[in-house]
Amino acid sequence: MTYHAKPKLHHPSLARNAVGLTRRDYEGKVSTLCAGCGHDSISAAIIQACWELDVKPHRVAKLSGIGCSSKTPDYFLRNAHGFNAVHGRMPSVLTGANLANRELLYLGVSGDGDSASIGIGQFVHSIRRGVNMVYIVENNGVYGLTKGQFSATADQGSTSKRGVVNADQPIDLVGLALQLGASYVARGFSGDKQQLVPLIKGAIHHRGAAFIDVISPCVAFNNHAGSTKSYEYVRQHNEAVNRLDVIPCRSEISVEYPEGSVVEVEQHDGSVLRLRKLAAGYDPTDRAAALNLVLAHDSRGEVATGLLFVDSAAHDLHQHLNTTEVPFNRLDAAVLCPGAAALQRINEGLR
Amino acid sequence: MKPTDISKPSYFHKVVDCQWACPAHTPVPEYIRLIASGRYADAYMVNWQSNVFPGILGRTCDRPCEPACRRGRVEENNGEKPEPVAICRLKRVAADLKGDIRARLPRPAASKNGKRIACVGAGPASLTVARDLLPLGYHVTVFEGDAKGGGFMRTQVPRFRLPEEVIDEEVGYILDLGADFRGNTRIDSMKALLGQGYDAVFVGSGAPRGRDLEIPGRAEAAAHIHIGIDWLASVYFGHVSAVGKRVIVLGGGNTAMDCCRSARRLGGDEVKVIVRSGFEEMKASPWEKEDAQHEGIPILNYRVPKAFIHDKGRLTGMSFELVRAEKDARGRRRLVPTGQPDEFHACDEVLVAVGQENAFPWIERDCGIAFDDSGMPVLDPQTFQSSLPQVLFGGDAAFGPKNIIWAVAHGHEAAVSIDKLLNGEPTAERPQPAVEVISQKMGIHEWSYDSDISGDTRHKVPWASAEKTLKSIRVEVELGFDQQTAWKEAQRCLNCDVQTVFTPKLCIECDGCVDVCPMDCISFTANGEEPELRARLSAPALNAAQDLYVSASLPTTRVMVKDEDVCLHCGLCAERCPTGAWDMQKYLFETSKAGPACRTRVPTGEPA
């Protein structure tokens with residue numbers, strides 16, 4: 001946290017992207033989170049990903065609920081649309097906004113309290129319905145705003161800062177998302193932007209419910225020995241199953257990889273997710289295998305990270321509901337009110 | 001790369017670009033902060049300790065600090081034209097607004113130590129020696145050919161740039177320390193001077209001879225051709241009070257600029273500067289060129305003087321060969337004729353300001369002082385001693401024409417040499433600088449320096465109206481900043497002396513500093529060799545003149561690498577750091593002056 005606005009001066013080599021913006025143009029206000037908070041690194045990763053993908057900030061809607069994580073949309077994409085919902089209710093607001101205007105990029109930012117406790121019902125249904133969105137959970141396993149109680153994602157047996165042992169089973173949001181039919185499921189670590197930025201970029205390119213669980217250490221309340229969500233623990237137990245490169249449809253693929261070491265998944269928009277395999281024989285398009293892998297790592301106390309599952313052929317909520325292609329705000333009176341003759345026809349059809 | 005040794009005084013000193021560039025190592029950010037807080041007298045004293053003539057230098061300094069200023073690098077691509085902090089003019093603010101500081105100056109020594117020093121010439125170098133040695137009890141005799149002290153500053157720098165009362169005041173501070181000043185006393189024999197039994201002799205007699213231009217017509221038209229520095233002195237002494245209507249000034253240095261602007265004020269309606277080299281390569285400071293052009297004086301470049309054209313001794317004009325710059329096979333620039341016909345410029349008078357030379361006709365070549373082939377004394381570049389150890393040289397007399405600030409720096413070093421010499425210590429052992437490193441942390445987000453970065457572009461110094469200044473040679477052109485503008489300009493200073501100090505063992509590698517740094521200067525990455533490492537940082541570190549700060553290896557085996565080049569010293573890295581691995585620490589560096597500190601070595605401070 002700081003009291004000063006970040007100076008406008010920037011490095012002389014700062015580059016502009018295809019829409020004429022520098023990375024600094026994707027920033028927001030200066031963060032008021034605790035110094036060292038993993039969430040700030042996730043904000044930086046979102047900024048980097050959006051800049052690299054030439055996203056127009058005014059075509060983004062960033063939505064969040066309540067909590068440390070849900071404050072962060074204020075700290076990136078200052079020119080995007082924003083909605084700070086009631087605790088745990090971000091998914092339904094996002095779903096509604098998405099139905100009204102399918103042309104925006106929907107970025108839901110939530111935390112483990114917001115999504116795994118008070119808002120779990122909202123979370124599961126937005127995933128289940130296949131809302132076209134990027135849903136990021138900034139997962140620190142602790143209630144930071146209320147000074148460090150265990151959250152629902154805290155691992156059984158891990159200890160609080162004061163030494164209390166957590167007896168409850170954790171909710172694994174990745175496992176839940178896989179079961180509920182999310183079509184892009186990844187896990188990252190706030191301390192590894194090289195991995196996280198491509199995961200966010202891949203999610204932005206994905207059509208359907210893209211879910212990213214990002215382990216994000218809480219420096220104030222959950223970064224001690226005994227925590228399984230500390231910088232040190234995650235670094236020691238991080239098992240990256242693959243490394244992702246996101247290749248926009250326009251660019252040529254030039255790098256050669258040894259046979260069998262790379263899996264490429266083409267998404268609906270023509271972009272290619274290239275997964276450099278780190279775990280032998282891992283198939284990221286096999287949902288059951290992904291679940292198995294996550295559970296197996298979990299049982300060993302390891303944290304499986306990377307792009308765990310992707311279904312590039314997935315349909316989203318709009319296709320399920322056969323909605324209009326045109327956003328509501330561009331439907332004119334003639335379309336919305338087709339006249340008495342049309343009404344007559346409908347009524348006839350119902351007789 | 002090996003971890004950076006930040007305990008070496010030069011490491012952080014180099015980060016303070018302005019102070020590093022200043023020959024006298026004036027702690028610039030320190031006095032700018034004092035100006036910002038309205039402590040003008042304190043700011044003046046910080047300057048006075050280092051550079052002796054803050055009021056004079058605040059108007060006339062060649063400002064080596066300003067091209068070095070980090071602000072001029074970080075504003076690139078951010079403003080229309082990147083500009084450094086107006087360091088020099090802020091110095092003047094301290095001098096203008098300081099009030100009466102006489103009570104804070106050292107007093108004449110209560111008791112003399114019996115050692116006698118002779119200073120030849122009363123210019124900035126000699127006066128610095130006198131100032132450093134007088135309070136220590138030395139008896140210092142200053143010989144000056146003119147009636148008053150000040151040397152070149154008084155007789156060659158014109159009054160519209162430097163009012164005489166400023167010279168009187170600052171020269172007076174030194175002479176009032178108990179100097180034995182002998183005005184109107186020109187030394188014409190070194191042998192005779194050495195015969196008077198001085199313990200040490202310091203030669204600070206400047207580079208008093210203006211270079212001449214021996215081309216056809218020079219002798220015939222001599223009455224209308226003047227050597228620039230002699231002419232400026234004649235103007236000062238009142239021997240010259242008018243000049244012809246059409247004046248050509250030859251030369252591209254600051255003396256040429258002083259000549260043309262003086263001529264403009266003495267009746268020269270049509271004054272031109274004509275210079276051999278290109279405009280960009282001229283030796284004059286950019287602002288002096290600007291000032292001349294602002295007064296309607298054209299500067300014509302790439303013209304080599306060929307002849308003075310005269311009509312039976314009456315100068316009618318000059319002819320010039322037109323040239324252009326070309327690079328030869330070895331990449332050196334040289335001027336080649338364009339082949340166009342020579343150009344004629346009509347004029348009534350010519351001022352020749354094509355350089356200065358040293359002249360020591362008064363030093364007998366058999367008195368034990370060795371001279372080299374070019375007629376310059378052979379000196380030890382550190383101690384300023386000649387081959388006669390008790391005879392030292394400084395200022396323009398030492399290594400040829402430079403600027404006041406260099407003369408001051410020489411004076412300090414020569415005073416150290418004299419003090420050590422006369423205390424039986426080896427002069428080659430130079431004293432360590434005094435270094436102080438203090439954390440600026442006050443609270444969680446509070447620093448004892450103003451860390452906020454001003455977005456202002458450089459503020460202009462107001463000028464007196466042209467019609468007023470061009471009427472009289474005595475009206476000062478620049479008016480100096482007022483308090484409010486001075487405050488705003490002071491805010492542009494980045495406080496580069498408040499250092500980012502990194503403690504690897506506290507770092508948890510959370511990336512907080514990397515994310516918040518506005519300049520992308522911090523990276524956590526695998527170590528490597530410097531050229532390769534520079535290319536793969538968060539932002540490429542392309543300025544090889546600026547160091548990389550490399551930490552010891554961290555738990556993930558990576559290292560922290562910080563590019564010092566464009567750091568704003570805003571302290572955001574330290575504010576974002578959860579463990580205090582980053583701290584902002586003020587680094588005060590002071591060269592040791594003559595006195596006990598230079599004799600008994602002082603330990604350097606302990607940078608944490």
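Author: First, a term: two strands pair if DSSP finds at least two bridges between them. Note too that this is a predicted model.

Reader: How many bridges join strand S7 of chain B to strand S8 of chain B?
Author: S7(B) covers residues 246-250, and S8(B) covers residues 270-274. The two run parallel. Leu250(B) stands opposite Ile274(B) in S8(B). The number of bridges that join S7(B) to S8(B) is five.

Reader: In what order do the strands of that open sheet in chain B stand?
Author: The sheet is open and has five strands. Its pairing is parallel. The order in chain B is S6-S14-S7-S8-S9.

Reader: Which strands of chain B stand at the edges, each with a single partner strand?
Author: An edge strand here has one partner, so one side of it is left without a neighbour in the sheet. That holds for two strands of chain B, residues 225-227 and residues 299-300. They are S6(B) and S9(B).

Reader: What angle does the direction of helix H13 of chain B make with that of S6(B)?
Author: H13(B) spans residues 228-237 and packs on the sheet. It touches S6(B) and strand S14(B), residues 349-352. Its direction makes an angle with that of S6(B) of about 90 degrees.

Reader: Which residues have the most contacts inside the largest nonpolar core?
Author: This core has 216 residues. Its largest share, 10 residues, comes from helix H17 of chain B, residues 404-421. A second, separate core has 35 residues, including Ile225(B) and Val243(B). In the largest core, the residues with the most contacts are Val185(A), Ile200(A), Ile35(B) and Leu133(B).

Reader: What does Leu133(B) touch, not counting residues up to four places away in sequence?
Author: Leu133(B) is a buried residue of helix H9 of chain B. Ala415(B), Ile418(B) and Asp419(B) are among its contacts.

Reader: How many residues of H9(B) are buried?
Author: H9(B) runs over residues 124-133 and is mostly covered. Its cover includes strands S1, S2 and S4 of chain B, and helices H10, H11 and H17 of chain B.

Reader: Which helix gives the most to the side of chain A that touches chain B?
Author: The contact takes 24 residues from chain A and 31 residues from chain B. Two helices of chain A, H1 (38-52) and H8 (231-237), each supply at least two residues. By class, the chain A side has 10 nonpolar, nine polar and five charged residues. The helix that gives the most, with four residues, is H1(A).

Reader: How far apart do the C-alpha centres of domain 1 and domain 2 of chain B lie?
Author: Domain 1 takes in 116-207 + 358-421, and domain 2 takes in 210-356, by the domain assignment. Their contact takes seven residues from domain 1 and nine residues from domain 2. The domain 1 side has five nonpolar, two polar and no charged residues. The C-alpha centres lie apart by 31 Å.

Reader: Is Lys312(B) buried or exposed?
Author: Lys312(B) lies in the loop between strands S10 and S11 of chain B. Its phi is positive, about 55 degrees, although it is not a glycine. It has 7 C-beta neighbours inside 10 Å, so it counts as exposed.

Reader: And Glu509(B), buried or exposed?
Author: Glu509(B) sits in the loop between strand S18 and helix H20 of chain B. Its phi is also positive, near 55 degrees. It has 20 C-beta neighbours inside 10 Å, so it counts as buried.

Note on methods. Residues numbered from 1 in each chain as written. Chains lettered and ligands numbered in written order. Predicted model: local features only at pLDDT ≥ 70, side-chain atom pairs only at ≥ 80, totals over all residues. Core = buried A, V, L, I, M, F, W, Y, C linked by C-beta atoms within 7 Å. Buried ≥ 20, exposed ≤ 12 C-beta atoms within 10 Å, placed from the backbone. Contact = placed C-beta atoms within 7 Å. Nonpolar A, V, L, I, M, F, W, Y, C, P; charged D, E, K, R; others polar. Axes fitted to C-alpha atoms, helices over the stretch in contact; angles between N-to-C directions. Domains from an automatic or database assignment.
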